Amino acid sequence: MRFNMNRIIIISFLFIIMATSVPVFAGGKTIPQIIGEAKSQITEVTVGVIKNDIDVGKNFVLLDVRTSDEFNAGHLPKGINIPRGTLEFLIGKFYPNKETEIVLYCRTDARAALCTNTLHEMGYTNVKNLKGGFKAWGEAGYSIYNRHGEFKMIAFEKKE
């Protein structure tokens with residue numbers, strides 16, 4: 001198995017920063033504060049509501065803002081991938097109508113909350129964040145898809 005050590009170090013560093021309440025810059029806000037502020041300004045929707053909307057064929061965009069690698073490993077049905085780093089540049093190209101209903105998700109709901117807030121600031125009027133994100137969807141037992149087809153996540157525990 002081939003590992004890219006620089007990538008592992010950078011990802012580890014980012015997770016440490018995200019998990020702490022230490023300001024990223026002196027005098028700045030912490031990551032949880034920034035996410036909390038974004039969540040206070042957006043609408044969130046539960047996985048049960050979205051599952052029902054998919055089942056009844058409701059017309060909306062289910063936007064996955066995770067990386068392409070995360071998306072390819074598994075995504076929600078109807079999920080469309082525009083990674084967070086390119087969202088502002090591509091959203092208008094694919095969805096120029098600012099009234100389009102868009103539900104955003106990521107692994108837990110932090111990145112998606114930031115993106116939902118950004119789209120709101122860009123003038124999109126019908127955007128929502130999927131509360132709990134991909135993780136909550138899988139934990140609810142709902143189907144996940146990738147290039148191999150449909151599957152469900154299973155819970156597992158590390159045994160000592």
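Leaving aside its neighbours within four places in sequence, with which residues is N117 in contact?

N117 is in contact with A38, Q41 and I42, where contact means heavy atoms within 4.5 Å. The residue lies in helix α6. N117 counts as buried because its relative accessibility is 13%; buried means under 20% relative accessible area, exposed over 50%, and partly exposed in between, with a 1.4 Å probe and protein chains only.

A word on the basis of these values. This is a predicted model, in which local features need pLDDT of at least 70 and side-chain atom pairs count only at pLDDT 80 or more, while totals for chains, interfaces and linings use all residues. Residues are numbered from 1 along each chain as its sequence is written, and side-chain values use heavy atoms, with hydrogens and water left out.

Let me turn to the overall layout. The protein chain contains seven helices and seven strands; helices (H or I, at least four residues) and strands (E, at least two) are DSSP runs, numbered from the N terminus. Along the sequence the pattern reads α-α-β-α-β-α-β-α-β-α-β-α-β-β. Of the 160 residues in the protein chain, 36% are buried. Among contacts with a separation of 6 or more, 60% are between residues 24 or more positions apart.

Now the sheet itself. Five strands form an open sheet in the order β1-β5-β4-β2-β3, with parallel pairing; two strands pair if DSSP finds at least two bridges between them. The edge strands are β1 and β3 (79-81), each of which pairs on one side only. From one strand to the next the twist averages 40 degrees; for such angles, axes are lines fitted to C-alpha atoms, for helices over the stretch in contact, and the values run from 0 to 180 degrees between N-to-C directions.

I shall go through the pairings in sheet order. Strand β1 (residues 43-45) is joined to β5 by three bridges, and in this pairing T43 stands opposite K128. Three bridges also join strand β4 (residues 102-105) to β5, with V103 opposite K128. Next, β2 and β4 run parallel and share four bridges; here D64 stands opposite Y105. Finally, three bridges connect strand β2 (residues 61-64) with β3, and the bridge partner of D64 in β3 is N81.

How are the side chains of strand β5 arranged, and are they buried or exposed? In β5 (residues 127-130), V127 and N129 point one way and K128 and L130 the other, and all are buried. In a regular strand the side chains alternate between the two faces of the sheet. Strand β4 is likewise covered on both faces: I102 and L104 on one side, and V103 and Y105 on the other, are all buried.

N129, in strand β5, counts as buried because its relative accessibility is 0%. Not counting residues up to four places away in sequence, N129 touches K39, I42, T43, E44, V45, L104, D109, A112, A113 and T116. T43, in strand β1, is partly exposed because its relative accessible area is 45%. With the same exclusion of residues up to four places away, T43 touches V127, K128 and N129. The C-alpha atoms of T43 and V127 are separated by 7.4 Å, although the two residues are 84 apart along the chain.

Helix α6 lies across β4 and β5 and runs at about 175 degrees to β5.

I close with two side-chain arrangements. The charged end of R66 sits over the ring of F134, 4.3 Å from its centre; the rule requires NZ of Lys or CZ of Arg within 6 Å of the ring centre and within 35 degrees of the ring normal. The charged end of K78 sits over the ring of F60, also 4.3 Å from its centre.
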